[in-house]
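Me: I am new to this structure and would like to know what stands behind the terms used for it. Please show it first.

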Amino acid sequence: MADPDLKLAQGPGGTGPFGPVGPVGPVGPTKVSTGALDKAATALDGIANDSTAAGKVADESIEAAAAKLSGWDTAAALRGALKEWHEQVSQLNGRLNAEAGMMRQTHTNYLNVEHGIASSFTGGA
């Protein structure tokens with residue numbers, strides 16, 4: 001005969017490095033800091049802007065050096081390196097902007113799910 005006091009997912013527990021632990025892992029609510037997501041997204045935007053600004057300073061210096069070295073192989077090499085730099089910065093900024101966008105979308109998704117769950121308990125929107 002089954003034990004009437006035995007409930008599903010009960011068993012010996014304890015405390016782990018991240019809080020209470022049940023028989024199959026951590027217990028308790030999962031928390032998402034929407035403020036931290038926004039802060040990180042803003043930081044990524046700042047890095048993208050700073051890398052673009054730094055690139056503009058480098059553009060001027062490299063173009064000036066290439067102009068003074070006109071006719072030398074070094075001038076062509078500097079311009080080639082500058083072109084590669086632009087491509088890499090463009091790829092970096094694309095990735096940073098994509099990551100920032102995903103963080104903002106995660107924030108929105110989390111709030112929508114939280115609202116949906118709350119609404120399911122209250123019976124309305």
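Me: What pattern does the protein follow when read along the sequence?
Reply: The order is β-β-β-α-α. The model is a predicted one.

Me: Where is confidence lowest in the protein, and where is it highest?
Reply: Strand β3 (residues 25–26) has the lowest confidence, with a mean of 47, and α2 has the highest, at 92. Over residues 1–11 the pLDDT is below 50, and this stretch has 4 contacts in the model beyond near neighbours in sequence. For the protein as a whole the mean pLDDT is 80, with 74% of the residues at 70 or more.

Me: Why is α1 called roughly antiparallel to α2?
Reply: Helix α1 (residues 34–68) packs against α2 at an angle of about 170 degrees. Angles over 145 degrees count as roughly antiparallel, so α1 is roughly antiparallel to α2. The contact of α1 with α2 has 20 nonpolar, 10 polar and 7 charged residues. The axes of the two helices are 9 Å apart.

Me: What makes N93 buried?
Reply: The relative accessible area of N93 is 11%. Buried means under 20%, so N93 is buried. N93 is found in helix α2 (residues 73–122). Leaving out residues up to four places away in sequence, N93 touches A48, S51 and T52. Across the 125 residues of the protein, 16% count as buried.

Me: How do you know that the side chains of R104 and D45 meet in a salt bridge?
Reply: The N to O distance between R104 and D45 is 2.6 Å. A salt bridge needs a side-chain nitrogen of Lys or Arg within 4 Å of a carboxyl oxygen of Asp or Glu, so R104 and D45 form one. R104 lies in helix α2 and D45 in helix α1, so the pair ties together parts that are 59 residues apart in sequence.

Me: Why are R104 and D45 called partly exposed?
Reply: R104 has a relative accessible area of 33%, and D45 has 22%.

Me: What does the salt bridge of R79 and E63 tie together?
Reply: The side chains of R79 and E63 meet at 3.7 Å, N to O. R79 is in helix α2 and E63 in helix α1, so the pair ties together parts that are 16 residues apart in sequence. R79 is partly exposed at 39% relative accessibility, and E63 is partly exposed at 35%.

Me: How many salt bridges does the structure hold, and where do R95 and E99 lie?
Reply: There are 3 salt bridges. The side chains of R95 and E99 meet in one of them, at 3.9 Å, N to O. R95 and E99 both lie in helix α2, 4 residues apart, which is about one turn of the helix.

Me: Is R95 buried or exposed?
Reply: R95 has 59% relative accessibility. Exposed means over 50%, so R95 counts as exposed. E99, at 31%, counts as partly exposed.

Definitions and conventions. Residues numbered from 1 in each chain as written. Heavy atoms only, no water. Buried < 20%, exposed > 50% of the residue type's maximum accessible area, 1.4 Å probe, protein only. Contact = heavy atoms within 4.5 Å. Axes fitted to C-alpha atoms, helices over the stretch in contact; angles between N-to-C directions. Parallel < 35°, antiparallel > 145°, perpendicular 65-115°, else oblique. Nonpolar A, V, L, I, M, F, W, Y, C, P; charged D, E, K, R; others polar. pLDDT = per-residue confidence, 0-100.
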